[in-house]
Amino acid sequence: MLSVNEYFDGKVKSIAFEGPDGPVTSGVMAPGEYTFGTSQNELMKVSCGEMVVRLPGSTDWQSFPAGTEFSIAADQSFDVKVSKTTAYLCFYS
């Protein structure tokens, strides 16, 4: 079963589904700046475009272009800047 979600006035959209190893979302972000909170561990894989991310506990911004990934622990928040439309897969555990 698929579940469609919208965030930030429709600038971030995702489709949630159950993968072979647990929940997954496939999403797209329009250009903008966003703060996300986590309730589970997340593995974010950038599939198209680029995310510039400030990870929890850091003051530095890191670039994650297509083909790269980063992890966020549960109960954290992180900031994302997107300068062009960017697609991702997020795996939850």
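**Note on the predicted model: sheets, core and charged pairs**

1. In the hairpin of S1 and S2, which has 4 residues between the strands, Phe-8 adopts a positive phi near 55 degrees. Strands, like helices, are DSSP runs numbered from the N terminus (strands are E runs of at least two residues, helices H or I runs of at least four). Strand S1 covers residues 3-7 and strand S2 residues 12-19, and the two pair in the antiparallel sense over 5 bridges. Two strands are taken to pair if DSSP finds at least two bridges between them. Within this pairing, Ile-15 in S2 is the bridge partner of Val-4.

2. The model is predicted, and local features need pLDDT of at least 70, side-chain atom pairs count only at pLDDT 80 or more, and totals for chains, interfaces and linings use all residues. Residues are numbered from 1 along each chain as its sequence is written, and side-chain values use heavy atoms, with hydrogens and water left out.

3. An open sheet of 6 strands runs in the order S1-S2-S3-S10-S5-S8, with antiparallel pairing. S1 and S8 stand at its edges with a single partner strand each, so one side of each is left without a neighbour in the sheet. On average, neighbouring strands of this sheet are turned by 25 degrees against each other, direction ignored. For such angles, axes are lines fitted to C-alpha atoms (for helices over the stretch in contact), and the angles run from 0 to 180 degrees between N-to-C directions. Inside the sheet, S5 and S10 run antiparallel and are joined by 6 bridges; Lys-45 stands opposite Leu-89 in S10.

4. Another open sheet is formed by 4 strands in the order S4-S9-S6-S7, again with antiparallel pairing. Strand S4 (32-37) and strand S7 (62-65) stand at the edges, each with a single partner strand, so one side of each has no neighbour in the sheet. S4 pairs with strand S9 (residues 77-82) in the antiparallel sense over 6 bridges, and Gly-32 stands opposite Val-82 in S9.

5. Which residues of the largest nonpolar core touch the most other members? Of its 16 residues, they are Met-29, Met-51, Phe-70, Phe-78 and Val-80. A nonpolar core is a set of buried Ala, Val, Leu, Ile, Met, Phe, Trp, Tyr and Cys residues joined through side-chain atoms within 4.5 Å. Buried means under 20% relative accessible area, exposed over 50%, and partly exposed in between (1.4 Å probe, protein chains only). S4, S5, S6, S8, S9 and S10 each supply at least two residues of this core, and the largest share, 3 residues, comes from S9.

6. Phe-70 is in contact (heavy atoms within 4.5 Å) with residues including Glu-42, Met-51, Phe-64 and Phe-78, leaving aside its neighbours within four places in sequence. Glu-42 itself belongs to strand S5. Glu-42 is buried yet has no salt bridge, and the nearest side chain of opposite charge, Lys-45, is 14 Å away. In this count Lys and Arg are positive and Asp and Glu negative, while His and the chain ends are not counted. Beyond four places in sequence, the residues that Glu-42 touches include Gly-37, Ser-71, Cys-90 and Tyr-92.

7. A salt bridge is a side-chain nitrogen of Lys or Arg within 4 Å of a carboxyl oxygen of Asp or Glu; the count by this rule comes to 3. Lys-13 forms a salt bridge with Glu-6, their closest N and O atoms being 3.6 Å apart. Glu-69 and Lys-45 meet in another, at 3.8 Å from N to O. Glu-69 lies in strand S8 and Lys-45 in strand S5, so this pair ties together parts that are 24 residues apart in sequence. Arg-54 forms a salt bridge with Asp-79, with 2.8 Å between the closest N and O atoms. Since Arg-54 lies in strand S6 and Asp-79 in strand S9, the pair ties together parts that are 25 residues apart in sequence. Arg-54 is partly exposed at 28% relative accessible area, whereas Asp-79 counts as buried at 17%.

8. Met-1 is placed in the segment before S1 and counts as exposed at 96% relative accessibility. Not counting residues up to four places away in sequence, Met-1 touches Ala-16 and Phe-17. The C-alpha atoms of Met-1 and Ala-16 are separated by 8.4 Å, the two residues being 15 residues apart along the chain.
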